[in-house]
Amino acid sequence: MPKFTDTTYIRIKAGNGGPGAVSFHREKFIAWGGPDGGDGGKGGDVYVQADVKLHQLSHLFKDRLYKAENGHQGSGNNMHGKDGRDLTIMVPAGTQVLDHETGTVLADLVDDVSRYLAASGGIGGKGNAFFKSSTHQTPRFSQPGIPGEEKRITLNLKLIADIGLVGLPNAGKSTLLSAVTNAKPKIADYPFTTLVPNLGVIERRDGSVYKIADIPGIIEGAHRGLGLGLSFLQHIERVKAILFILDITGDDLDYNLKLLKSELNTYNSELISKPYWILLNKIDLIDDEEAAARRKQIKDKNVLLISAATGEKYTRAVEENRCHDGALRCREKISSRA
């Protein structure tokens, strides 16, 4: 499996314009046919285009030169040289194209119809036929083609998803992602199991599709580069909503929630204004009475108690929350299904 890459830089070179031709018409019974050198072809352009089938930039090689075809030389009989073939570099949707020297964002390719002209091909040179005049009837020169643009660009991927999963290491984000989507992330009972962002897709019966992004666990100081969070916090900048995942068996749930929100706010204050829910995970490890007591530690109304590891517990927890703290009639209904 290739190494996950979300930032890289490459060199791009558009094609040079083809040189014009120096030629004179030669045909039996026609004397002094005159100049007929054709123009050179245009050099190929370099485009960067988004592709929703791609999810990372590992197929591109760092600092490699990606070059479009040069324009072809013109020829006699006023024949125009063939234009060079364009080069299209495919990248995942959500990729930003930046100037490598200044960091200026040149394009933000957010969907599979996004296409950016990154480097323009050079114009072909004029053939000697172009320079014929009444005072200069036999020009013996032509123009070389104009060089194509050459530059270095940085490609920076920010995953596009509807929901972002945020939590401390070993909170159960990957387990939840595998339970509700088609993703198969690595799952283990130790911290930092998730080393790269994972993207899962939920396809509903009505045909609607939702994407969920799971980033590596955040620790205190992630915005300063501690742990793995800083490298991947950018992948939740585009999400529409955030799910904070907390291990309900952990200590001081309210502090852990404030820590996560603080790290997001320090990295990008706009993240805190997004819609959110708080999921207290792993309720299958404690009894209902203790779960209710730990729920009260969170001073927030947007809280659900779940177990990502067991589907039955997950369903009961969701329904109990919908019953407003477990009304008797609703509890009996849920218990009858167990």
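This report covers a sheet, a helix and a cavity in a predicted model.

The order 10-11-9-12-13-14 describes an open sheet of 6 strands with mixed pairing. Its edges are strand 10 (198–203) and strand 14 (303–305); each has a single partner strand, so one side of each is left without a neighbour in the sheet. From one strand to the next, the twist averages 25 degrees.

Strand 9 (residues 163–167) pairs with strand 12 (residues 241–247) in the parallel sense, over 5 bridges. Ile163 has Ala241 of strand 12 as its bridge partner.

## Helix 1

Helix 1 spans residues 173–180, and its buried residues are Lys173, Ser174, Leu176 and Leu177. Viewed down the helix axis, these buried residues fall within an arc of 160 degrees, so they line one face of the helix. In general, an α-helix has 3.6 residues a turn, so residues three or four places apart point the same way.

## Cavity

Rolling a probe the size of a water molecule over the atoms shows where empty space is left. Searching the whole structure gives 1 cavity of 30 Å³ or more. The largest cavity holds about 80 Å³ of space.

Its lining is made up of Val52, Leu54, His55, Pro92, Ala93, Leu159, Ile160, Leu199 and Lys211. By class, the lining comprises 7 nonpolar, 1 polar and 1 charged residues. One of the lining residues, Leu199, falls in the range of edge strand 10 (198–203).

Conventions
Residues numbered from 1 in each chain as written. Predicted model: local features only at pLDDT ≥ 70, side-chain atom pairs only at ≥ 80, totals over all residues. Heavy atoms only, no water. 1 Å grid on protein atoms, 1.4 Å probe; cavity = no way out; pocket = protein on both sides within 12 Å on 5 of 7 lines; lining within 4 Å. Points joined across faces, edges and corners; volume = space filled by probe spheres on them. Nonpolar A, V, L, I, M, F, W, Y, C, P; charged D, E, K, R; others polar. Pairing = 2+ DSSP bridges. Helix = DSSP H or I, 4+ residues; strand = E, 2+ residues; numbered from the N terminus. Axes fitted to C-alpha atoms, helices over the stretch in contact; angles between N-to-C directions. Buried < 20%, exposed > 50% of the residue type's maximum accessible area, 1.4 Å probe, protein only. Arc of directions from axis to C-beta.
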